[in-house]
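Work through the exercises below with the coordinates open. Each task is followed by a worked solution.

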Amino acid sequence: MSVPIPNYLKHIATLDKQQGTWTHFSIKCTCGCDKFFVYQNCLNKEEKALEKPYNDAMWEIYVSDKPRKRTVDEDGKVHYWRLFEPLKGLEGAHEELIVPDCPFFLMITVIKIKCVDCEKEHLIFDNRIHGYDGMTGEHTQEALEYDPHFKLKCKDMVSLQIKIENDESFEEFQKNTALEFTEDQYSDSFSWIAIYKIDQKGKKTKIFDWETA
């Protein structure tokens with residue numbers, strides 16, 4: 001058996017080749033055009049302001065060379081501490097570094113395209129609903145109802161080729177996951193997606209790469 005094209009893309013996909021656990025296909029609009037503008041979601045000004053405290057905390061914990069210490073309390077909760085007297089550890093002056101909750105929209109990634117001829121839009125990937133984690137994970141209503149903002153990912157119109165990885169057969173998928181999925185759901189539960197643009201000169205470049213499981 002061969003890895004199927006994701007069900008949600010079948011209406012605009014043309015199979016190029018099967019290679020082991022990978023399926024390669026090109027994208028063509030329902031109007032017949034194969035040239036697109038590509039968009040990826042982005043943050044607006046208000047979301048960037050909400051993102052900053054979380055990113056600042058992550059930078060101080062994982063990147064900064066400022067003295068700090070990590071502890072785990074009896075309930076298993078992790079704490080991070082700024083050390084003002086590093087040689088004394090928590091016996092010296094210190095304060096807890098409070099990490100705010102990660103804004104839900106930072107965990108959302110969406111790729112869509114717009115046909116150059118008819119201007120119809122097609123959703124290529126949304127990690128909330130596509131891929132293994134999208135199909136099997138738990139998503140809050142807030143995240144599912146969120147309407148992303150978009151910006152151009154490629155300056156010019158391009159052709160697109162996509163490859164996805166999945167279990168080699170529906171039976172193997174069922175065996176590996178124990179999920180009671182349909183074959184269509186299996187096809188949408190791919191574990192990896194890569195998107196390539198082909199410019200007007202025929203140059204092929206990877207523009208998106210995402211492990212979904």
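**Exercise 1. Helix α4**

Task: Find the buried residues of helix α4 and say which helices they pack against.

Solution. Start with the range: α4 covers residues 170–177. Helices here are DSSP runs of H or I with at least four residues, strands are runs of E with at least two, and both are numbered from the N terminus. Next, apply the burial cut-off: buried means under 20% relative accessible area, exposed over 50%, and partly exposed in between, with a 1.4 Å probe and protein chains only. Phe170, Phe173 and Thr177 are the buried residues of α4. They lie on the same side of α4, because they cover an arc of only 60° around the axis. That arc is taken from the directions from the helix axis to the C-beta atoms. Last, look for contacts, meaning heavy atoms within 4.5 Å. The buried residues of α4 pack against α2 (131–136) and α5 (183–187).

Note on the model: it is predicted, so local features need pLDDT of at least 70 and side-chain atom pairs count only at pLDDT 80 or more, while totals for chains, interfaces and linings use all residues. Residues are numbered from 1 along each chain as its sequence is written, and side-chain values use heavy atoms, with hydrogens and water left out.

**Exercise 2. Gly131**

Solution. Check burial: Gly131 has a relative accessible area of 0%, so it is buried. Then list contacts, leaving aside neighbours within four places in sequence. Gly131 touches Asp188, Ser189, Phe190 and Thr212.

**Exercise 3. The nonpolar cores**

Task: Which residues touch the most other members of the largest nonpolar core?

Solution. Define the set: a nonpolar core consists of buried Ala, Val, Leu, Ile, Met, Phe, Trp, Tyr and Cys residues joined through side-chain atoms within 4.5 Å. The largest has 27 residues, and Leu160 and Ile195 touch the most other members. Strands supplying at least two residues each include β2 (22–27), β10 (159–165) and β11 (192–198). Not counting residues up to four places away, Ile195 touches Ile111, Ile124, Leu160, Gln161, Ile162, Thr205, Lys206, Ile207 and Phe208. A second, separate core has six residues, among them Leu43, Ile108, Val110 and Ala143.

**Exercise 4. Overall form**

Task: Is the chain compact or spread out by the globule rule?

Solution. The chain has five helices and twelve strands. Its radius of gyration is 22 Å, well over the 17 Å that the rule gives for 213 residues, so the chain is more spread out than a compact globule. The radius is taken over C-alpha atoms, and the rule is 2.2 Å times the number of residues to the power 0.38. The C-alpha trace spans about 70 × 45 × 35 Å along its principal axes.
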